[in-house]
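Let's take a walk through a protein model together, one stop at a time. Have a look at the sequence and the 3D view, then read on.

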Amino acid sequence: TPRETERIKKHICKIFKENGLKITIEANKKVANFLDVTLNLNTGEYMPYMKANNVLQYVHANSNHPPVVLKNIPKGVNKRLSEISSKEEVFNKVAPQYQEALEKSGYKHKLQCEQLTTTAKE
């Protein structure tokens, strides 16, 4: 129940505090942001999450990094966006801001939704 969840939350916070640690817990939520993903427990969907004031930046394509690193930056961005998008419509909604950041960093790669895993389709 929500009341029991709140009691457990307070107990966990107390344990952390006793050990000199701090933790933030939000209980009884159906939509939560975790790292770079928004999880919606009502619909089962998930999508990329970014804080409102976050500015996307990538290592420039002409930087002094090893070529293999530079080659894999846009591929990694594409793969991650595909993995944290529950469906292609979600990917297409968020991709433009990532595409713009890649282009500003000198990459010519065009982001495309990769084959979603079977767990993402369920």
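Is Ile 23 buried, partly exposed or exposed? Ile 23 counts as partly exposed, because its relative accessibility is 35%; buried means under 20% relative accessible area, exposed over 50%, and partly exposed in between (1.4 Å probe, protein chains only).

Before we go on, a word on what you're looking at: this is a predicted model, where local features need pLDDT of at least 70, side-chain atom pairs count only at pLDDT 80 or more, and totals for chains, interfaces and linings use all residues. Residues are numbered from 1 along each chain as its sequence is written, and side-chain values use heavy atoms, with hydrogens and water left out.

Back to Ile 23, which you'll find in the loop between α1 (2-18) and β1 (31-34). Names like these come from DSSP runs numbered from the N terminus: helices are H or I with at least four residues, strands are E with at least two. Leaving aside neighbours within four places in sequence, Ile 23 is in contact (heavy atoms within 4.5 Å) with Ile 12, Cys 13 and Phe 16. As for α1 itself, that helix has 17 residues and reaches 24 Å from its first C-alpha to its last, close to the 24 Å expected at 1.5 Å a residue; the expected span is 1.5 Å times one less than the number of residues. After α1 comes Gly 20, with a positive phi near 75°.

Now hop over to α2 (residues 67-83). There's a kink of about 35° at Ile 73, shortly before Pro 74; the bend is the angle between axes fitted to the seven residues ending there and the seven starting there. Which residues of α2 are buried? They are Leu 70, Ile 73, Pro 74, Val 77, Asn 78, Leu 81 and Ser 82. In an α-helix there are 3.6 residues a turn, so residues three or four places apart point the same way. The buried residues of α2 pack against β3 (46-48) and α3 (88-104).

Last stop: charges. The structure holds nine salt bridges, each a side-chain nitrogen of Lys or Arg within 4 Å of a carboxyl oxygen of Asp or Glu. One of them joins Arg 80 and Asp 36 (2.6 Å, N to O). Arg 80 lies in helix α2 and Asp 36 in the loop between β1 and β2 (37-40), so this pair ties together parts that are 44 residues apart in sequence. Another links Lys 29 and Glu 26, at 2.7 Å from N to O.
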